[in-house]
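Me: Please take a close look at one part of this model: its aromatic rings. Then place that part within the rest of the chain.

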Amino acid sequence: MDIRIENYENIFKALSDSKRLKILNELSKQESICVCSLVEHFDISQSKLSYHLKMLLDSKLITMERNGKWNYYSINMGELEKYLSKEAINNIIK
């Protein structure tokens, strides 16, 4: 399989789940958010949230920065803009 096709497959797989879209929406509301705060917004365990975050990270749709023992996540707008129209992005992050 062509590596570029595989990249697209990973991107759209990451975007195909409603929980991950909701995570992107939540991340868009703040410049950076701690995983400890994110878990409060979703009715899932931290381990499941981490799974979804990893998929978004692996596809480079979000970024992560470690500060002490916590990870802080941000939306990677530049990467989203490579794959989605402005209208699609606005529907996700409104």
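Reply:
**The aromatic rings and their surroundings**

In this predicted model, the count comes to 3 aromatic pairs. The rule covers rings of Phe, Tyr and Trp (its six-membered ring) whose centres lie within 6.5 Å; planes under 30 degrees apart count as stacked, over 60 as edge-to-face and the rest as tilted. Take Y8 and Y83. Their ring centres are 5.3 Å apart and their planes stand at 85°, so this pair is edge-to-face. The pair joins distant parts of the chain. Y8 sits in helix α1 (residues 3-14) and Y83 in helix α5 (residues 77-83), 75 residues apart. Helices (H or I, at least four residues) and strands (E, at least two) are DSSP runs, numbered from the N terminus.

Y83 has another partner. F12 pairs with Y83, again edge-to-face, at 6.5 Å centre to centre and 85° between the planes. This pair too links distant parts of the chain: F12 belongs to helix α1, Y83 to helix α5, and they are 71 residues apart. F12 counts as partly exposed, since its relative accessible area is 39%. Put together, Y8, F12 and Y83 form one aromatic cluster.

A word on how to read all this. Residues are numbered from 1 along each chain as its sequence is written, and side-chain values use heavy atoms, with hydrogens and water left out. Because the model is predicted, local features need pLDDT of at least 70 and side-chain atom pairs count only at pLDDT 80 or more, while totals for chains, interfaces and linings use all residues.

Now step away from the rings. Helix α2 (residues 18-28) packs against helix α4 (residues 46-58) at an angle of about 75°, and their axes are 10 Å apart. Axes are lines fitted to C-alpha atoms, for helices over the stretch in contact, and angles run from 0 to 180 degrees between N-to-C directions. That angle makes α2 roughly perpendicular to α4. Under 35 degrees counts as roughly parallel, over 145 as roughly antiparallel, 65 to 115 as roughly perpendicular and the rest as oblique.

Which residues make the contact? From α2 come K19, R20, I23 and L24; from α4 come L49, Y51, H52, L53, M55 and L56. Contact means heavy atoms within 4.5 Å. By class, the α2–α4 contact has 7 nonpolar, 1 polar and 2 charged residues. Here Ala, Val, Leu, Ile, Met, Phe, Trp, Tyr, Cys and Pro count as nonpolar, Asp, Glu, Lys and Arg as charged, and the others, Gly among them, as polar.

Next, the core. The largest nonpolar core holds 22 residues, and L27, L38, L49 and L53 have the most contacts inside it. Two or more residues each come from α1, α2, α3 (35-41), α4, β3 (70-75) and α6 (86-93). Such a core is a set of buried Ala, Val, Leu, Ile, Met, Phe, Trp, Tyr and Cys residues joined through side-chain atoms within 4.5 Å. In soluble globular proteins, nonpolar side chains tend to be buried together.

Look at L27. Residues up to four places away in sequence aside, L27 touches I33, L38, I62, Y73, S74 and I75. L38 also meets E26 of helix α2. E26 is buried, because its relative accessible area is 11%.

Strand β3 holds N71. At 15% relative accessibility, N71 counts as buried. Beyond four places in sequence, N71 is in contact with I33, C34, V35, M64, E65 and R66.

K60 lies between α4 and β2 (62-67). Most residues other than glycine have a negative phi. K60 is not a glycine, yet its phi is positive, about 65°. K60 is exposed, with a relative accessible area of 52%. G78 is partly exposed, at 41%.

Key: Buried means under 20% relative accessible area, exposed over 50%, partly exposed in between (1.4 Å probe, protein chains only).
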